Amino acid sequence: MATSILKLLLVIFSVVSPLVLSKYQLPFQPNTFVLPVTKDSATSLHVTNIRKGTPLVSTPLLVDLNNKFLWIDCEKNYTSTTYQFPLCHSTQCARVGNHYCHQCSAPARPGCHNNTCGVMTTNPLTHWNVLGELGQDSVSIQVARGKNSGLYVDVPEFIFSCAPSRLLAGPLPKDVVGVAGLGHNSVSLPHQLASHFGFRPKFGLCLPSSSRGNGVIFIGKGPYELDPGMSTVSRPIIGYTPITIGPRGGYHIQVSAISINNKRLPLDMSSFFRNKQGSFVKAMISTTTPYTTLHHSIFMATTKFFAHQLSWAPQIQPPVSPFGVCFNSSYITGSRMGPAAPSIDLVLQNGNVSWTISGANSLVLARPDVYCLGFVDGGIRPRNPIVLGSYQLENNLLEFDLARSRLGFSNSLLFMRTSCATFNFTSTP
């Protein structure tokens, strides 16, 4: 009788307020977690939402593959009763890799204490760097149960940077209060969850193409499942390529050639992937760059070749900024794969693996009657000769297997009659 009453109370409580359990209270060992992702129509950037602090507060954060950790504006409305501030030279400070001592002359509050661990915190859009206070607080995150979301699980003493409000300057999506860093670092979101729950560091990224539905970030072992019946065990991941880590914690892959309509561009790609010191650099994957940027020479060759392969569609002059070539949309038919356009293949590593960019990820509807090739000129001295932007990542399932240093990719999920917006966040068993 008592057991039945307890079960009934748990059900009632979970309906009124989502139930949050510690890992020790769960009837199973969780190995995969999920976070919702929305697309901001004003900036074309992607936002996730994390429940944080005590009491739990919904915290919208910019998704950033290249930030080493999570940071939040603590000057406005951060009133958690479980906030902690590790002291300078503490173990937590060593984990971040920084050894600054933070001082603050204002009244004590989250983000403002003396002799705490200071961490250099970066706005990925303005590239401003500000010294923040290393903080710890609880977060709750949902377990994945197949293609549905499950219970919320508490992660106590989650490490993050408590940053000043001025770091939020720039064209950030509305209501965003910080950045969810997915970069390679022992205190990034994927690494902290892996350490806390005892699985290898691994996460999946599936960005939505519209503000009308949620995409998903998977963190953990997997398999990563989407509806209808799509799983990384069965079909979505079609190829793997090695990933390397950049000096700022970002993810890079080797692009050895570019083909359009199965015709290879006449470019010696290796000549663009050497820096001034003669070291080899690679293409960077970015969620904070809306459209893929290319070294000027690669950009010119790509746009010229693409326009030649789409010769039946009249070009629009001048092209819509920031793009280099645009077309009259009435001459381009549509399908479930988006605009009918020449396919673009990024030939990876030794030439045996290719990442295909179809019309849905290559052509942007810049105006009601104009499609533009969604690549941008990065100039003649870019830090990276290729930066794969978020538009080219949308509705592609990317699997970052950090333990194996490899990237798995699906190509467009539209080919499989599904999308990134099919994970069910409305079900919480």
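Let me begin with Asn 115, which counts as partly exposed because its relative accessibility is 45%. The term sits between two cut-offs: buried means under 20% relative accessible area and exposed means over 50%, with a 1.4 Å probe and protein chains only. Asn 115 is not a glycine, yet its phi is positive, about 60°. This residue is found in the loop between β6 (100–102) and β7 (116–122).

Before I go on, a word on the model. It is predicted: local features need pLDDT of at least 70, side-chain atom pairs count only at pLDDT 80 or more, and totals for chains, interfaces and linings use all residues. Residues are numbered from 1 along each chain as its sequence is written, and side-chain values use heavy atoms, with hydrogens and water left out.

With a relative accessible area of 30%, Asn 261 is partly exposed. For context, most residues other than glycine have a negative phi, and most peptide bonds are trans.

One joins Thr 54 and Pro 55, with omega about 0°, and Pro 55 is placed in the loop between β3 (46–52) and β4 (57–64). Another runs from Ser 321 to Pro 322, with omega near 10°; Pro 322 is in the loop between α4 and β22 (326–328).

Now the overall figures. The protein has six helices and 32 strands. Both are DSSP runs numbered from the N terminus: helices are H or I with at least four residues, strands are E with at least two. Of the 429 residues, 55% are buried. The protein exposes about 18800 Å², and carbon and sulfur atoms supply 53% of that area. Accessible areas come from the Shrake-Rupley method with a 1.4 Å probe, and for residues only the protein chains shown count as cover. Among contacts with a separation of 6 or more, residues 24 or more positions apart account for 70%, a contact being heavy atoms within 4.5 Å.

Next, strand β9. How many of the 16 residues of β9 are buried? The count is 12, so the strand, residues 148–163, is mostly covered. Several strands pair with β9, where pairing requires that DSSP find at least two bridges between two strands. Strand β8 (residues 129–145) pairs with β9 in the antiparallel sense over 11 bridges, and Glu 133 stands opposite Cys 162. The hairpin of β8 and β9 has two residues between the strands, and in it Gly 146 takes a positive phi near 70°.

I turn to an open sheet of six strands. Its order is β16-β17-β20-β30-β21-β29, with mixed pairing. The edges are β16 (244–245) and β29 (375–377), each of which pairs on one side only. Helix α4 (residues 296–309) packs on this sheet and touches β21 (292–294), β29 and β30 (386–388). The direction of α4 makes about 135° with that of β29; axes are lines fitted to C-alpha atoms, for helices over the stretch in contact, and angles run from 0 to 180 degrees between N-to-C directions. Inside the sheet, β17 (residues 251–253) and β20 (residues 283–285) pair in the antiparallel sense over two bridges, with Ile 253 opposite Ala 283.

How far apart are the end C-alpha atoms of α4? They are 20 Å apart, which agrees with the 20 Å that its 14 residues should span at 1.5 Å a residue. The expected span is 1.5 Å times one less than the number of residues. Buried residues of α4 include Ile 298, Phe 299, Thr 302, Phe 305 and Phe 306. In general, an α-helix has 3.6 residues a turn, so residues three or four places apart point the same way.

I close with helix α3 (residues 189–197). Seven of its nine residues are buried, so α3 is largely enclosed by the rest of the structure. Among them are Leu 189, His 191, Leu 193 and Phe 197. After α3 comes Gly 198, with a positive phi near 80°.
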